[in-house]
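Here are my notes on the model. Please read them with the structure open.

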Amino acid sequence: MIYRVQLENFEGPLDLLLYLIKKNEVDLFNIPISEITRQYLEYIEIIQMLDLEGASDFILMAATLIRIKAKMLLPKPPVEMDEEEEEDPRDELVRRLLEYQRFKEVALKMADFESQRQLLYTRRYFNQQVELEPHDWWDPQNSYTLFDLMWAFKEILQRAPKVTQHNVEQIPVTIDDQINYILKQLDQNEGQLLFYELLEKLKKRIIMIVTFLSLLELIRRGEVEVTQSSTFGEIWVRRKRWTSLN
Amino acid sequence: MDVSQLKPVVEAIIFASDGPVTPRMLKNYIEEANGVDFEQVIEALNHDYHNSGRAIQIVKVAGGYQMTTRPEFAAWIKKMYMGRTSNRLSRAALETLAIIAFKQPISKAEVAAIRGVNSDGVIKNLLERRLITISGRGEGLGRPLLYSTTPEFLQYFGINDISDLPKPREIEELFGEGKYVDQIIEALSSGDASEDESQEDSHQDANQQSDA
């Protein structure tokens with residue numbers, strides 16, 4: 001059994017540094033690097049024991065802190081006449097801390113917006129299965145994203161029969177084959193088909209994958225377009241030049 | 001049709017819709033409403049609801065109008081929905097959303113650089129909750145995917161437009177003229193998650209002073 005101990009909840013190395021700077025009441029523009037680094041290392045020693053994966057981000061920052069300290073200790077090369085004043089090695093870190101701090105503040109205010117909004121209830125649990133009129137689905141108000149398409153593809157793959165043994169074999173289809181297959185299927189169905197109908201008849205995952213790639217290729221060529229009638233609704237695949245062929 | 005005739009029509013559409021209805025949609029649905037300012041119709045409806053002590057209101061969100069219950073009834077509705085309401089976003093999710101909202105379109109790597117931690121998992125969750133979406137590819141090395149916020153993001157936070165979000169204070173503002181180091185430290189400390197009222201006040205004071 002693994003015990004997970006929640007320490008002070010830091011979102012990352014910058015968050016921890018801001019905390020240490022505040023706790024020690026030091027000047028952000030004159031950070032005592034060695035002292036802050038010492039405390040920082042103490043902390044990551046603890047998280048390393050608890051959460052090795054999460055610790056890696058913190059270790060990178062520890063290395064950065066030590067590098068800054070080393071830079072500050074090294075004798076500076078003599079400044080030439082025209083040269084600008086040398087940058088403090090800590091400046092880059094301060095800039096990052098300030099930028100992170102800005103977004104941390106915004107995130108806090110957004111949490112307020114969130115809780116205000118959660119007091120307002122809208123009507124919901126609408127039935128998602130809205131009847132689709134096959135020729136009436138194109139609505140510019142709706143938009144789909146590549147993410148929707150990938151999501152739908154993942155669902156179809158999950159529906160496909162699972163194969164437990166694995167034989168190495170030549171893939172029996174090519175992108176070109178499947179492009180022809182898609183176009184043929186579309187032509188047989190008045191130029192449009194539901195995305196799942198297109199892939200459902202294919203029994204092998206690899207053929208589904210090749211067909212999906214072929215669909216992406218057809219979209220890229222502009223021969224086919226894809227649209228979704230509602231959020232989480234069905235995705236239609238449509239032959240772009242179908243109507244002009246009639 | 002004038003405002004009083006339009007009121008019930010607009011009310012019916014907004015009631016029956018499962019999402020915010022934009023003025024443009026209303027214009028499409030109600031052909032008789034040529035040139036009417038829907039803002040006026042909504043105001044009149046809200047006025048009616050208020051005067052007759054109704055529990056509903058119409059709010060402007062994500063560029064459209066949506067019917068909601070009034071906040072003072074949340075306690076009871078919450079009981080009805082017990083266990084079915086969505087969880088609040090984590091601090092990591094809020095931070096990531098704040099960065100994406102102001103820097104969009106932005107890549108995963110840029111988000112991680114600002115937060116100082118790997119943000120892949122958070123971004124995946126936000127995508128699944130549809131608060132962000134993939135909006136393109138960057139020009140940089142490996143042409144990374146870029147992320148932007150969605151209309152669902154606006155709805156989730158109950159805002160009409162991205163510009164309604166609190167603005168991040170400019171770095172220059174945080175720096176002041178280089179003399180206000182104490183104020184900056186103060187401002188930094190007030191940003192802590194465990195802040196209380198008095199710290200919040202001093203933070204605002206610091207803001208006003210640097211403005212002056």
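1. Confidence comes first. This is a predicted model. In chain B, pLDDT stays under 50 over residues 176-181, and the model gives that stretch 2 contacts beyond four places in sequence. Residues 191-212 of chain B also have a pLDDT below 50, yet this stretch has 23 contacts in the model beyond near neighbours in sequence. Where pLDDT is low, predicted coordinates should not be read in detail. The average pLDDT of chain B is 80, and 77% of the residues score at least 70.

2. Next, a helix pair in chain B. Two packed helices are described by the angle and the distance between their axes. For helix H5 (residues 91-103) and helix H6 (residues 108-115) of chain B, the axes come within 10 Å and cross at roughly 120°. H5(B) is therefore oblique to H6(B). The crossing of H5(B) past H6(B) is right-handed.

3. Which residues in H5(B) and H6(B) meet? H5(B) contributes B:Ala92, B:Glu95, B:Thr96, B:Ile99, B:Ile100 and B:Lys103. From H6(B) come B:Val111, B:Ile114 and B:Arg115. The residues of this contact between H5(B) and H6(B) comprise 5 nonpolar, 1 polar and 3 charged.

4. Backbone points in chain B deserve a look. Most residues other than glycine have a negative phi, and most peptide bonds are trans. The peptide bond from B:Gln104 to B:Pro105 is cis, with omega near -5°. B:Pro105 sits in the loop between H5 and strand S3 (106-107) of chain B.

5. Positive phi values are also present. B:Ala62 is not a glycine, but has a positive phi of about 50°. Its place is the loop between strand S1 (56-61) and strand S2 (64-69) of chain B. B:Arg130, also a residue other than glycine, has a positive phi near 65°. The loop holding B:Arg130 runs between helix H7 (120-128) and strand S4 (132-137) of chain B.

6. Now the sheet in chain A. It is open, with 3 strands in the order S1-S3-S2 and antiparallel pairing. Strand S1 (192-194) and strand S2 (224-228) of chain A are the edge strands, each pairing on one side only. On average, neighbouring strands of this sheet are turned by 20° against each other, direction ignored.

7. One strand pair in detail. S2(A) and strand S3 (residues 235-239) of chain A run antiparallel and are joined by 5 bridges. Opposite A:Val224 stands A:Arg239 in S3(A).

8. Last, the helix on this sheet. Helix H6 (residues 175-188) of chain A lies across S1, S2 and S3 of chain A. H6 of chain A runs at about 95° to S3(A).

Definitions and conventions: Residues numbered from 1 in each chain as written. Chains lettered and ligands numbered in written order. Predicted model: local features only at pLDDT ≥ 70, side-chain atom pairs only at ≥ 80, totals over all residues. Heavy atoms only, no water. Axes fitted to C-alpha atoms, helices over the stretch in contact; angles between N-to-C directions. Helix = DSSP H or I, 4+ residues; strand = E, 2+ residues; numbered from the N terminus. Parallel < 35°, antiparallel > 145°, perpendicular 65-115°, else oblique. Left-handed = near helix turned anticlockwise from the far one by under 90°. Contact = heavy atoms within 4.5 Å. Nonpolar A, V, L, I, M, F, W, Y, C, P; charged D, E, K, R; others polar. pLDDT = per-residue confidence, 0-100. Pairing = 2+ DSSP bridges.
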